[in-house]
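Here's a quick briefing to read alongside the model. Have the viewer open and click through as you go.

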Amino acid sequence: MQKLKIFLPALLLMLSVAQGPAWAYEHFRVAVYCRAYEVEKMGDMEWLRETWDELSKQIHVDKVYLETHRDLLVVDEKTLEGAIGFFRERGVEVSGGITYTINEGNFFETFCYSNPEQRAKVKEIATYTARFFNEFILDDFFFTNCKCDLCIAAKGDRSWSEYRLGLMKEAAVELVLEPARAVNPGVQVVIKYPNWYEHFQGCGFNLEEQPALFDGIYTGTETRNRTGNQHLQQYHGYAIFRYFENLKPGQNRGGWVDTGGSDPLDRYAEQLWLTLFAKAPEITLFDIRQMASPIRENTRAVWQGTGTSFDFDTMKEPVRLEDGSLFEPAKYARVAGYSLEVIDPVLGHLGNPLGVKSYKPWHSAGEDFLQNYLGMIGIPIEIVPEFPEGEDMVLLTESAGHDPMIVDKIRKQLRAGKSVTITSGLYRALQGKGIEDIVELRVTERRASVREFRAGRGPTSWTDHEILIPQISYYTNDSWEVVSALDDTNGWPLLHRASYASGELYVLTVPDNFIDFYTMPPAVLNSFRQNIAGHLGVRLEGPGEVSLFVYDNRSCVVESFLDREVTIRILLGEDGNRLVDVIDGNPVEGEFREAPSFRGRKMGKDAYVYEVTLKPHSFKAFEY
Ligand SMILES: [Zn+2]
């Protein structure tokens, strides 16, 4: 047995070398996007041949998107036809792409959809593109941030969001879809939405009405480095794909990742993996130019060499090509190719994703992107655009307050004997709007600075820094603290529970800085996970910044975003006496743990408990 273990890594290494990039991936397709700037260069066949030759040695590519327009650059007919022919001859599927920017370099200057001349240009580009392609995709920029005099006049008394939502729905139909279908009746038009979904309404991305109009949608799952200017959390890359899948089930055609903010390089691999954990059928790599940029040695993280999921040195090993020769990879294309080879065999074990359903009404904002922070503490999330029926638990953040019927919907869910978790931000937004009919609390303007916590009857635990939270007041014996935050001898609810009919309402106190969730003690996070996500059949125990992905075929993935090795526990229910690592096929040793009881009542659930160690920025996948 010991001998086998020694040989296994070597065997895997041989397999990875043997599996050259000419072989297709089994569980997804790979597309490479080409901007108009690079498509224009394809007029030079020698350049195209060399670029493709180098790319396809490092990664298997099923499809390319050839962009016809960006920044008022329109690729000419002859060049387009030459490039299309080149890829088709090589068995590569070809689709079109449009980026509706006037000047990307000027704060992402978009078209003005109030200006007749610019509208004509938008239409002309769609018509031109539909002549060459049976499918084309709109990259990120089919929105407007124009506030010219025409737009100001046309907006009138409406808010910018209202004006632009209507404008861009109409522009989709009149300037893109109808003209394109007029010249090519079979054309499939796909809209790719970027990563900033909580703010879409402000610039006219209309998630309520556009997905039904387009043939397909596509998801920007790039989250880049969280220190970057958008500060997106890693889990966002997974949750956004799931959310968009729920907007147009079966027609969310893929996830899209660029190489920006990928330092250390593990961050790039994580973005690809998270997209695929969400079950994207296709991954688009942006773009052919970035794929040809050199791998920088300074993106090799300090934890490399310790057996992490992304292994920099294995990635850089020579690739065996179909003719038997070896190729020394040096470009980003290989980072993508290798990362996808790592994940492909895992995906076959995973069924359909499950999560705590979180209802986000159309065009809503509030506690922006909070679901993704909760995903980072091991609560699996599934954002949905309608209030879900029949769920054991529904999670609602402040954005749910945009639904004027939300209190009725909460009440109905509770009367059906189910549970709802609402955030302190949502309770505050609903104060005076009927939420007191369920439980009378006050989310006050007062703040508490805390670093001491107690979950249930457990011991006190501490964080290493102060966390600012809103102080919630409640009526003694009407509702109860599940988790408390303390400061000296004073304290406030962090997770609060109120019974209503046969259901339970939980109120989750959200720290002023959402990221403070990550550093809350494991005992606190474990209680959140048990109470909010305990119905999913598998849950986590341990610190924050470890995510759990649950599937409907008794499989799961745990991924750590920590820079250090971490030991966590996976908890299964009474039928969970087996947990097998799908990567090495080995069972994990577990033990049965009876939940403690208090006055004859069980506090939590009995569980099979499995200890699992994760390297930095690494994942493991299991069947049970
Ligand atoms: Zn304008």
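Which residues does Phe28 touch, not counting residues up to four places away in sequence? They are Asp62, Leu276, Ala280, Pro281, Ile283, Leu340, Ile343, Asp344 and Leu347, where a contact means heavy atoms within 4.5 Å. Keep in mind that this is a predicted model, so local features need pLDDT of at least 70, side-chain atom pairs count only at pLDDT 80 or more, and totals for chains, interfaces and linings use all residues. Residues are numbered from 1 along each chain as its sequence is written, and side-chain values use heavy atoms, with hydrogens and water left out.

- Phe28 sits in the loop between α1 (2–18) and β1 (29–34); helices (H or I, at least four residues) and strands (E, at least two) are DSSP runs, numbered from the N terminus.
- With a relative accessible area of 3%, Phe28 is buried (buried is under 20%, exposed over 50%, partly exposed in between, using a 1.4 Å probe and protein chains only).
- Asp62 is 34 residues from Phe28 along the chain, and their C-alpha atoms are separated by 9.6 Å.
- Helix α13 covers residues 332–347, and 14 of its 16 residues are buried.

- The twelve residues of α17 (522–533) should span 16 Å at 1.5 Å a residue, and the end C-alpha atoms are 15 Å apart, which agrees; the expected span is 1.5 Å times one less than the number of residues.
- Nine of the twelve α17 residues are buried, including Phe528, Arg529 and Asn531.
- The largest pocket holds about 1,600 Å³ of space. (On a 1 Å grid over the protein atoms alone, a pocket is an open set of points where a 1.4 Å probe fits, with protein on both sides within 12 Å along at least five of seven lines; lining residues have an atom within 4 Å of a point.) The volume is the space filled by probe spheres set on the points, which are joined across faces, edges and corners.
- Its lining has 42 residues, with Val482, Gln530, Asn531, Met603 and Gly604 nearest the centre.
- α17 gives the largest share of that lining, seven residues.

**Nonpolar cores**

- The largest nonpolar core has 148 residues, and Phe528 is among those with the most contacts inside it. (Such a core is a set of buried Ala, Val, Leu, Ile, Met, Phe, Trp, Tyr and Cys residues joined through side-chain atoms within 4.5 Å.)
- Helix α7 (residues 160–183) supplies the largest share of this core, ten residues.
- Another core, of 25 residues, lies apart from it and includes Tyr359 and Leu426.

**Thr219**

- Thr219 is in strand β9 (residues 216–220) and is buried, at 0% relative accessible area.
- Tyr193 is 26 residues from Thr219 in sequence and 5.4 Å away in space, C-alpha to C-alpha.

- Most residues other than glycine have a negative phi, and most peptide bonds are trans.
- A cis peptide bond joins Asp263 and Pro264, with omega about 5°, and another joins Phe286 and Asp287, with omega about -5°.
- His363, not a glycine, has a positive phi of about 55°; His363 is partly exposed, at 24% relative accessibility.
- Ala501, also not a glycine, has a positive phi of about 50° and is exposed, with a relative accessible area of 58%.
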